Amino acid sequence: MSEHIAPKKLYFFVFASLLVLTLLTWQIAYVDLGQWNIVVALAIAVGKASLVAMFFMHLRWSGSMMRIVVCAAVFWLAIMITLTLGDVLTRGRVVPSQGWHTSAAILHTAAPANQQR
Amino acid sequence: MSNSHAVVAEQFDDRAQQHEASSLGMWIFLATEIMFFGGLFTAYTVYRNIHTAAFETASHLLNAKLGAFNTAVLICSSLTMALAVQAAQMGKRKRLITYLLSTMALGLVFIYIKFILEWHHDFLEGLAPGLHFTYAGPHASRVELFFCFYFIMTGVHALHMIVGEGVMTVLLVMAWRGAFSQERYNPIEMMGLYWHFVDIVWIFLFPLLYLLGARF
């Protein structure tokens, strides 16, 4: 149950980890990793958010009801982002008259079809 | 009214059930908050994908040092908030008041940096869409779009902090009057959940707005 009282030491350890991760994400932003910059930045952010949720927000000691609510919220967020990007990122790859294409060569033939719209 | 009535409300069997109910209610509220901020994050992601170069240029115009410092300030305030909840759980009134005050002070430092050192500076630099936008570099209209996102997202986040400061003031007065004890600290814990959530939102805002600007 979440009426568990966590020791001060644990809170300070989580706090120190959060500060180290902040420093890391800030410094990594000045290093060119190409496509990986965004992946690393978001991975560190997810890690920090998990630390806050698990320990500061007591999820680690909470009942399964609370975990279900959190998972549902994250899952719905994932639906919103995935389906939206699934639309936006594939626009221009689908030519109404020709169906689904992924090859870059076909994108050129798709361009005039787009302009007509 | 007997003491047990003050601790457990009429509709609950015992403290554990009351505690579970209030936590669940708070988490469901936070789930709606995730959807609220999630919409902004999704819109930001979509436009960043369309205008990647312009958004990176615009991100350069923000002060990453102040952003990183503010992240640290907010993490400190989360620590003091967690310690305030712990003090409440153990029934330590003085420590609870001290930690609540430090959390509020750190929150005010964050808001001061955000509004006075950042927003005010951005406004003077001519980066405020609609009010004073004079940036004339490449992709000017898309840089303006980035700053719309920047001001709305950080603004809504700061508004949540101001609301938190208000609620915490009420809790501080209650704590001062001795309203909380080892048996009754739910309001402090729910305040903690809210405050940590606002921290989590900033944990995502900081890299997305300040850091993904190809600063190398």
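Which residues touch the most other members of the largest nonpolar core? In this predicted model they are Ala84(B), Ala88(B), Leu96(B), Phe146(B), Ile188(B) and Leu209(B), and the legends below place them in context.

Residues are numbered from 1 along each chain as its sequence is written, and chains are lettered from A and ligands numbered from 1 in the order in which they are written. Because the model is predicted, local features need pLDDT of at least 70 and side-chain atom pairs count only at pLDDT 80 or more, whereas totals for chains, interfaces and linings use all residues.

**Figure 1. Overall build of chain B.** Chain B contains seven helices and two strands, where helices (H or I, at least four residues) and strands (E, at least two) are DSSP runs numbered from the N terminus. Their order along the sequence is α-α-α-α-α-β-β-α-α. The C-alpha trace of chain B spans about 70 × 30 × 30 Å along its principal axes. Chain B has 216 residues, of which 36% count as buried; a residue is buried if 20 or more other C-beta atoms lie within 10 Å of its own, exposed if 12 or fewer, and partly exposed in between, with C-beta atoms placed from the backbone. Of the contacts in chain B between residues at least 6 apart in sequence, 76% join residues at least 24 apart; a contact requires C-beta atoms, placed from the backbone, within 7 Å.

**Figure 2. The largest nonpolar core.** The core has 73 residues; such a core is a set of buried Ala, Val, Leu, Ile, Met, Phe, Trp, Tyr and Cys residues joined through C-beta atoms within 7 Å. Its largest share, 18 residues, comes from helix α7 (residues 186-211) of chain B. Leaving aside residues up to four places away in sequence, Leu209(B) touches Ser59(B), Leu62(B), Tyr150(B) and Met153(B).

**Figure 3. Helix α4 of chain B and the glycine after it.** Helix α4 (residues 64-89) of chain B has 26 residues and reaches 37 Å from its first C-alpha to its last, close to the 38 Å expected at 1.5 Å a residue. The expected span is 1.5 Å times one less than the number of residues in the helix. Gly91(B) follows α4(B) and has a positive phi, near 75 degrees.

**Figure 4. The contact between chains B and A.** In this view, 38 residues of chain B are in contact with 44 residues of chain A. On the side of chain B that touches chain A, α2 (15-50), α4 and α7 of chain B are the elements that give two or more residues. The largest share of that side, 15 residues, comes from α2(B). Its residues divide into 24 nonpolar, 11 polar and three charged; Ala, Val, Leu, Ile, Met, Phe, Trp, Tyr, Cys and Pro count as nonpolar, Asp, Glu, Lys and Arg as charged, and the others, Gly among them, as polar. Chain A itself has four helices and two strands, in the pattern α-α-α-β-β-α. Of the 117 residues of chain A, 19% count as buried.

**Figure 5. Thr52(B) and Gly213(B).** Thr52(B) is found in helix α3 (residues 52-60) of chain B. Thr52(B) counts as partly exposed because it has 13 C-beta neighbours inside 10 Å. Thr52(B) and Gly213(B) are 161 residues apart in sequence, and 9.2 Å separate them in space, C-alpha to C-alpha.

**Figure 6. Confidence in the model.** Chain B averages a pLDDT of 92, and 96% of the residues score at least 70; pLDDT is the predictor's confidence in each residue, from 0 to 100. Over residues 1-5 of chain B, pLDDT stays under 50. The model scores ipTM 0.91 and pTM 0.89.

Terms used:
Two residues are in contact if their C-beta atoms, placed from the backbone, lie within 7 Å.
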